[in-house]
Amino acid sequence: MVKTTDAGQAPAKPTVRPQNPRFSSGPCAKPPVFDLTDLSDAPLGRSHRAAVGKAKLAEAIDRTRAILGVPDDYRIGIVPASDTGAYEMAMWSLLGERPAEMVAWESFGAGWVTDVVKQLKIEAQVHTANYGKIVDMAALNYDHDVCFTWNGTTSGVRMPHGDMIPADRAGLTLCDATSAAFAQDLPWDKLDVTTFSWQKVMGGEAAHGMLILSPRAVARLESYTPAWPLPKIFRLTKGGKLIEGIFRGETINTPSMLAVEDYLNALKWAEAIGGLTALQDRADANAQAIFDFCDENDWIANLADDPATRSNTSVCLKFTDDRITDGAAFAKAVAKRLADADVALDIGAYRDAPAGLRIWCGATVETDDITAMLPWLSWAFHAEITAQ
Ligand SMILES: Cc1ncc(COP(=O)(O)O)c(C=O)c1O
C-alpha cells in the first residue's frame, strides 16, 4: 500500500457524494431498501396481546433465531428499554449468586462495571483496558460470572473470537453484543446471556431489547433469588419458574408494533440478501475500505491497536498528524465540515472516547457510500490542517 505522506497538499473537493451520508453508530442507517410504506402491515391500534400482535412478536423472535443461528434450547425474549434494559435486567436477575468478573475496554462496558460495583455492590474483580486495547479474556476466572461487551462501540475494539471462554465454566457469561449481533460471529455455546437492540446492525428502531438466555442462565434464574428487590420490568420468573411467555412474544409491557414491523422488515431484507453471512460480508467490506484508507494515508489510523480486534461495525479512527495542535477541536471540525457538506453525518467520536471519528460500517451501510465518502474525509482533513 502506498502511503500518502504529502499531508499538506490539499486535494480538490470531490464531486461524487455518498447516496446515503448516514454513518451514525446508533440509530444506524435503515436497510438500503427501506420504505415507510413497507410498514403498512403493522397492526396499529390493536392490542399487542391480540392474536395478530402476538404473532408478529413471535415472528420477530423466530426470524431472529433463524438468522443468528441461535440454538433451539436458548430462549429469546423481547424486553423493554433497548439493549440497556436487556442487559441490566440480566445483571439484576442473575448476578450475586457468586462473585463477578467485570470487563471493560470502553464506555459502555464501564457503565456495566458501575452498575455492579456502585449499585448492586456485589463482590467483583474489575478488568479494564484503555481505549484501543482489549482485556486479556484468557486471564479471567470463569468460575465467576463474567460481564463483558463483545464489540466496544466507542473504541472500535471487538472480541476476535470466543476461544478464551471455557466450555466447562462454572459461572455465567453475560455478553452485551449490541453492536456485534448480525455482523460478527457469536459463539452461542460460550454465551449464557446475549443482548442487543434493533437499531444497530439491522437499522431497526430503538425501544426494545433482545435478551437471549442459555439453558444454564435459565437454570440460574430458577434456582437463585437475588437479595435485592426487582421491579416488575426486570422480573423474568414467577414462583421460582421462568415466565416462558416472555420468550414467545408475551412481552412484560406494551411494545411498539410499529417498531416490531420495522424490525421484521429488516429481518426479511437480511434473509433476502443471504442471511448472516451476507450481513457479515457487507460489514467486513465496509470496514475493509476504511482499513485500506488508513493504510494509504499516514495522517489517520485505526484506534484499535491489534488488527485482530478491529471492529467491522463501529470503526474508530484517530488523527496522527503532528501538526494538529488541538486534537479534540480538530476532529470536531473535520466531522462538522463533512456534516455541513452532507456527506457524512454523526461521525464524531463518542463523547467519552479519545478525539477522532467513528464511522459505522454495519450491514445496512453500502460500501459504495463508504468509498464515496472517504475522498471527502481527505478533503476535510486537508482543509482543516490549512485552516487551523
Ligand atoms: C456496547 C453498547 N452497549 C449499550 C448501548 C446502549 O444501547 P441502548 O441505547 O440500545 O440501550 C450501546 C449504544 O450504543 C452500546 O454501543
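An oxygen atom of the ligand is found 2.5 Å from an N or O atom in the side chain of K200, a polar contact in the sense used here (a pair of N or O atoms within 3.5 Å; within protein, one must be able to donate a hydrogen and the other to accept it, and residues adjacent in sequence count only if both atoms are side-chain atoms). The model is a predicted one, in which local features need pLDDT of at least 70 and side-chain atom pairs pLDDT 80 or more, while totals for chains, interfaces and linings use all residues. Residues are numbered from 1 along each chain as its sequence is written, and side-chain values use heavy atoms, with hydrogens and water left out.

For D176, an N or O atom of the side chain is 2.6 Å from a ligand nitrogen, and for Q199, a polar side-chain atom is 3.0 Å from a ligand oxygen. On its own the ligand has 390 Å² of accessible area, of which the protein covers 85% (Shrake-Rupley method, 1.4 Å probe).

The shell around the ligand (residues with a heavy atom within 4 Å of it) also includes S82, D83, T84, F108 and W112. By class, this shell has two nonpolar, seven polar and three charged residues (Ala, Val, Leu, Ile, Met, Phe, Trp, Tyr, Cys and Pro are nonpolar, Asp, Glu, Lys and Arg charged, and the others, Gly among them, polar). Helix α2 makes the biggest contribution to the shell, three residues (helices are DSSP runs of H or I with at least four residues, strands runs of E with at least two, numbered from the N terminus).

The ligand takes up the space of the largest pocket (more than half of its atoms lie within 2 Å of the grid points). A pocket is here an open set of points on a 1 Å grid over the protein atoms alone, where a 1.4 Å probe fits, with protein on both sides within 12 Å along at least five of seven lines; lining residues have an atom within 4 Å of a point. Of the 23 lining residues, S25, G26, F108, Q199 and K200 lie nearest the centre. The lining divides into five nonpolar, 13 polar and five charged residues.

Two backbone details complete the picture. Most residues other than glycine have a negative phi, and most peptide bonds are trans. The bond from G26 to P27, however, is cis, with omega near -5 degrees, and P27 belongs to the segment before α1 (51–68). A81, in the loop between β1 (75–80) and α2, has a positive phi of about 70 degrees without being a glycine.
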